[in-house]
Structures are given as C-alpha cells and as structure tokens.
Amino acid sequence: MNIGIIGATGKFGRPFTAKLLSKPDYHLTLLSKSAGNSYEDSYRITAKNIDATNIKDLKTVLKDQDVVFCAVSGVDQPVIARNLVKVNPKRLIYMTVVGIYNELAEDNGGEYNVDNEKEQIPNRNAVAIIEESDLDYTILRCGYLIYGEEDDYVITKKGETPKGYVSTSKSVEKIALDIIENPELYSRESISITRDMS
C-alpha cells in the first residue's frame, strides 16, 4: 500500500511515520518543507521537500497514493485543503483539532471553540472545504496531544459533544491506522478522539 503523509516532520507526523514503518507492506511518501532533509529515500521511503500550497508539486508526488494522511497546522490549511480536493486522493485522512464546530462544552474546553479562539478559523475553513467536496475523507479532530496509552480515548461524531480536549498521540495513531487498514471505516465522517474528561 502506498501512503502519502503531508506534515511528515511534525509533532505527530514523525512518530506516526515510525509506526507505519513497522508495517512491512507500506511504502511511504513523506512530505514537508524539510522531509527530504530528515529522511533518506529507500525501497520503502520516498521523501520530498514539498510546500503543500504548491498544487503542481503536490499532484506529482501524490498521484499513486492509496491513502493520503494530512497533519498540518497554520494559516495555509484552507489552501492545502483546496489542493487536496484537486489532487482527489483515493482516501484522505485529515487531522485537525476539536472545537472547529463550537462543539466543546463550555466547562470542558469551551475556550478552544472557534468562536473563542481565532487560531481555529483556518482549521474550520479547511475542514469545510473537504466536507463540501466529493472526497472519500475522514476528519480526525484531536485535542492537545499528550503522552499516554493507545486505548485512552472516546470517539464522538460530528454533532456530539467531545468528552475532552486532550488526546494521547498513541490513540490518534491507532485510529488512523485502523482507517488505513479498513478504508470504509468512518468514511465521509468527522470524528473526535479525546480522553474522557467529563
């Protein structure tokens, strides 16, 4: 299976790449502005220094991917989301954060809702672009990433109130890997993966 990872050198991308490399049947295309400096090409790795806001480069490197996992942050997310719609990957997993729908309870992380936190606006806008597309996507809404166990999570769907505003990195890795191995899982859904803090 060919898996493209946008944001491969980020806080989540690095450990997730390591986890995927423990699976012998995966070939990884690792993308970020510095991925080519951080990883060496091999029979299982293709690493490219790519700015995901450049649609021409993105189309070239993602054309043969079975799954694209995107873990980026910052103000360029809507541009990257529009580019992903144009690339039209077979399966997209887009990692973002809880609060983009103002779904967090007032007494359990409500300060991170988009109405209270302007830095959430690019997250919200990027997800809206993906949800309005015809892509086979899953939106993974995570809380602040912390160290912890992979089974320390509760999943809620769009329209439901998340149980918390922190997530263990291992639990997000687990759910992402479940989706990669079972592409129909959470297809065209937005789910939160957080520790139960209720």
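Ile129 is buried, with a relative accessible area of 19%; buried means under 20% relative accessible area, exposed over 50% and partly exposed in between, using a 1.4 Å probe and protein chains only. This is a predicted model, where local features need pLDDT of at least 70 and side-chain atom pairs count only at pLDDT 80 or more, while totals for chains, interfaces and linings use all residues. Residues are numbered from 1 along each chain as its sequence is written, and side-chain values use heavy atoms, leaving out hydrogens and water.

Let us stay with Ile129 for a moment. Leaving aside residues up to four places away in sequence, Ile129 touches Pro78, Ala81, Arg82 and Val85, where contact means heavy atoms within 4.5 Å.

Those neighbours bring us to the helix pairs. Two packed helices are described by the angle between their axes and the distance between the axes. Axes are lines fitted to C-alpha atoms, for helices over the stretch in contact, and angles run from 0 to 180 degrees between N-to-C directions.

| Helix pair | Angle between axes | Distance between axes |
|---|---|---|
| α4 (residues 77–87) and α5 (residues 121–131) | about 15 degrees | 8 Å |
| α1 (residues 13–21) and α6 (residues 169–181) | roughly 45 degrees | within 11 Å |

Where do α4 and α5 meet? On the α4 side are Gln77, Pro78, Ala81, Arg82 and Val85, and they meet Pro122, Asn123, Asn125, Ala126, Ile129 and Ile130 of α5. By class, this contact of α4 with α5 has seven nonpolar, three polar and one charged residues.

For the other pair, Pro15, Phe16, Lys19 and Leu20 in α1 meet Glu173, Ala176, Leu177 and Ile180 in α6.

Finally, which residues of α1 are buried? They are Gly13, Phe16, Thr17 and Leu20. These residues lie on the same side of α1, because they cover an arc of only 105 degrees around the axis, the arc being that of the directions from the helix axis to the C-beta atoms. Their cover includes β1 (2–6), β2 (27–32), β4 (67–70) and α6.

Definitions and conventions: Helix = DSSP H or I, 4+ residues; strand = E, 2+ residues; numbered from the N terminus. Nonpolar A, V, L, I, M, F, W, Y, C, P; charged D, E, K, R; others polar.
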